[in-house]
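I opened my notebook for a look at strands, cores and aromatic rings. Here is what I looked up, in the order I went.

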Amino acid sequence: MKVKLLISLFSFLLLLVACSEQQSHTAPAVHDRDSASMMTSYGVNTLISDSGVIKYRIVTERWDVNTIKNPPRWTFEKGIFMEQFDQQFHIEGYIQADSAWYYDQQKLWELRGRVYIRNVNGLIFRSEELFWDGIKHEFYSHKFSRVVTPERTMEGTYFRSDEHMTHYEVTNSVGSFQATDMEPEPAQPATPVQPAAGGAPAKPDTAKVEVPVRKAATRHKATQKPDFRP
């Protein structure tokens, strides 16, 4: 009887010890290593220099730098505002977008959302997408784009331009022009027939009359020179 009592007491003590042991609760391992940014900054207002000369100002609510993702990138998911300066630190233009990614190895900017560009010469560009290739030194977009200059307005579903936006093309485009550009030129009045001397029958005037012809469409080129270099 005593043996059974001792065995029961010993089993009870073992149960108490087992219940009193603390267990650590750990989260599962993170296998996707590239999901974490190497650097995250908030409320950024910084100047960026190129060859020792200040070229840009970047203003953003959040800036993530990830060097593990393939390809490595800077991420501006809260929007971005960027100014460009000349050598005298005068503003030449600015770019704004709802979100942006910069692939530093390819020197490629990808701008999404409400993309807006304006320069000091009055050129305005709007679209939902814009790529800025720092190697080829050009802008391009496969979305509907609108280009407004002091002289004209162009719209189309494909846009490509040099970095200065002095030469650009818009395909599948429509545009607005001055009304006088589309009006035909007035016809010249006919010359009255004069009677010939000596009673001979009068000959009609054979002078040529210009027929108004609609002006041929020309390829438009901008005259502004913004210099947006990443």
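Before counting anything, I settled what pairing means: two strands pair if DSSP finds at least two bridges between them. I also noted that this is a predicted model.

**Entry 1: strand S7 and its partners.** I began with S6 and S7, which pair in the antiparallel sense over five bridges. Within that pairing, I found Ser-99 opposite Arg-112 in S7. These two strands form a hairpin with four residues between them, and there Lys-107 takes a positive phi near 55 degrees.

Next I followed S7 to S8; they pair in the antiparallel sense over nine bridges. Here Trp-109 stands opposite Trp-132 in S8. S7 and S8 also make a hairpin with four residues between the strands, and Gly-122 in the turn has a positive phi of about 95 degrees.

I then checked S5, which runs antiparallel to S7 and is joined to it by four bridges. Tyr-94 has Arg-118 in S7 as its bridge partner.

**Entry 2: the cores.** Which residues have the most contacts inside the largest nonpolar core? I listed Trp-109, Leu-111, Phe-125, Leu-130 and Phe-159, in a core of 26 residues. Among the strands that each supply at least two residues of this core are S2 (53–66), S7 (108–119), S8 (124–133) and S13 (168–171). Apart from this core I found another, of five residues, including Trp-101, Tyr-103, Leu-108 and Tyr-140. A general reminder to myself: in soluble globular proteins, nonpolar side chains tend to be buried together.

**Entry 3: aromatic rings.** My search of the whole structure gave 12 aromatic pairs. I took a closer look at Phe-81 and Tyr-94: their ring centres are 5.4 Å apart and their planes lie at 35 degrees, so I logged the pair as tilted. This pair links distant parts of the chain, with Phe-81 in strand S4 and Tyr-94 in strand S5, 13 residues apart.

**Entry 4: a surface patch.** Last, I looked at the outside. Leu-47, Ile-54 and Phe-89 form a nonpolar patch on the surface, with about 230 Å² of accessible area together. I placed Leu-47 in strand S1, residues 39–50. With 38% relative accessibility, Leu-47 counts as partly exposed.

Conventions
Residues numbered from 1 in each chain as written. Predicted model: local features only at pLDDT ≥ 70, side-chain atom pairs only at ≥ 80, totals over all residues. Heavy atoms only, no water. Core = buried A, V, L, I, M, F, W, Y, C linked by side-chain atoms within 4.5 Å. Buried < 20%, exposed > 50% of the residue type's maximum accessible area, 1.4 Å probe, protein only. Patch = residues over 30% accessible without salt bridge, like charges linked within 9 Å, V, L, I, M, F, W, Y side chains within 5 Å. Areas by Shrake-Rupley, 256 points an atom, 1.4 Å probe, with all protein chains shown as cover. Salt bridge = Lys/Arg side-chain N within 4 Å of Asp/Glu carboxyl O. Phe/Tyr/Trp six-rings, centres within 6.5 Å; stacked < 30°, edge-to-face > 60°.
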